[in-house]
Amino acid sequence: MQTNSALPPVPQLKAEARLLRKHSEAQGQPIPHSTALERIARCYGFRDWNTLSARASNAPELRLGMRVEGRYLGQPFTGCVRGLAACGGDGHRRITLHFDAPVDVVQFDSFSSWRQRVSAVINADDRSPQRTSNGLPHLTVKPLA
């Protein structure tokens, strides 16, 4: 996966999709515009067009030392990125976060488990593919505005 600084702007990506569509039609294999967009996304290493277009916009890419916010096991946090590394394919990365304040990750009145530094795998959407029992991602993270 490329960082957003290496990505062309969204209008150029759409132009590439139109060119791909025109080329496919010339070869007698017409494809819908949405299929062309998805193929362009995969060429840039993203799982779908929505992810690519979000990355190609002005949203900053996560990086070491960046201040971030999000939710970990349902609890809100702010903190700092302490580690970030590619992890397998499909744009997955291993991220290590240090929270400003410890977060209680247990939702049970008579028991607590506090975490201040956590590591997890996140996808290109900056969410963990693993989910809690209520269907929410274990971790969601975004740059602090």
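How close do the axes of H1 and helix H3 (residues 49-56) come, and at roughly what angle do they cross? They come within 9 Å and cross at roughly 145°. The model shown is predicted, so local features need pLDDT of at least 70 and side-chain atom pairs count only at pLDDT 80 or more, whereas totals for chains, interfaces and linings use all residues. Residues are numbered from 1 along each chain as its sequence is written, and side-chain values use heavy atoms, with hydrogens and water left out.

**View 1. Helix H1 against helix H3.** Helices (H or I, at least four residues) and strands (E, at least two) are DSSP runs, numbered from the N terminus. Axes are lines fitted to C-alpha atoms, for helices over the stretch in contact, and angles run from 0 to 180 degrees between N-to-C directions. The axes of H1 and H3 cross at roughly 145°. H1 contributes Val10, Leu13 and Lys14 to the contact, and H3 contributes Trp49, Leu52, Ser53 and Ala56; contact means heavy atoms within 4.5 Å. By class, five of these residues are nonpolar, one is polar and one is charged. Here Ala, Val, Leu, Ile, Met, Phe, Trp, Tyr, Cys and Pro count as nonpolar, Asp, Glu, Lys and Arg as charged, and the others, Gly among them, as polar.

**View 2. Val10 in helix H1.** Val10 belongs to helix H1. Leaving out residues up to four places away in sequence, Val10 touches Trp49, Ser53, Ala56 and Ser57. Val10 and Leu52 are 42 residues apart in sequence, and their C-alpha atoms are 8.7 Å apart in space.

**View 3. Helix H1 against helix H2.** H1 (residues 10-26) and H2 (residues 33-43) pack at an angle of about 115°, their axes 8 Å apart. The residues of this contact include Leu13, Ala17 and Leu20 of H1 and Ala36, Leu37 and Ile40 of H2. The contact of H1 with H2 divides into six nonpolar, two polar and five charged residues.

**View 4. The five-stranded sheet.** Five strands form an open sheet in the order S4-S3-S2-S1-S5, with antiparallel pairing; two strands pair if DSSP finds at least two bridges between them. S4 and S5 stand at the edges with a single partner strand each, so one side of each has no neighbour in the sheet. From one strand to the next, the twist averages 35°.

View 5. S1 and S2 (residues 75-86) run antiparallel and are joined by six bridges. Val68 stands opposite Gly79 in S2, and Glu69 stands opposite Thr78 in S2. The hairpin of S1 and S2 has two residues between the strands, and in it Leu73 takes a positive phi near 50°. Seven bridges join S2 to S3, also antiparallel, and the partner of Gly79 in S3 is Phe99.

**View 6. The aromatic cluster.** Ring pairs link Tyr72, Phe77 and Phe99 into a cluster. Rings of Phe, Tyr and Trp (its six-membered ring) pair if their centres lie within 6.5 Å; planes under 30 degrees apart count as stacked, over 60 as edge-to-face and the rest as tilted. The structure holds two aromatic pairs. Tyr72 and Phe99 form a tilted pair, 5.9 Å centre to centre with 50° between the planes. Tyr72 lies in S1 (residues 67-72) and Phe99 in S3 (residues 93-104), so the pair ties together parts 27 residues apart in sequence. Both Tyr72 and Phe99 are buried, meaning under 20% relative accessible area, with exposed over 50% and partly exposed in between (1.4 Å probe, protein chains only).
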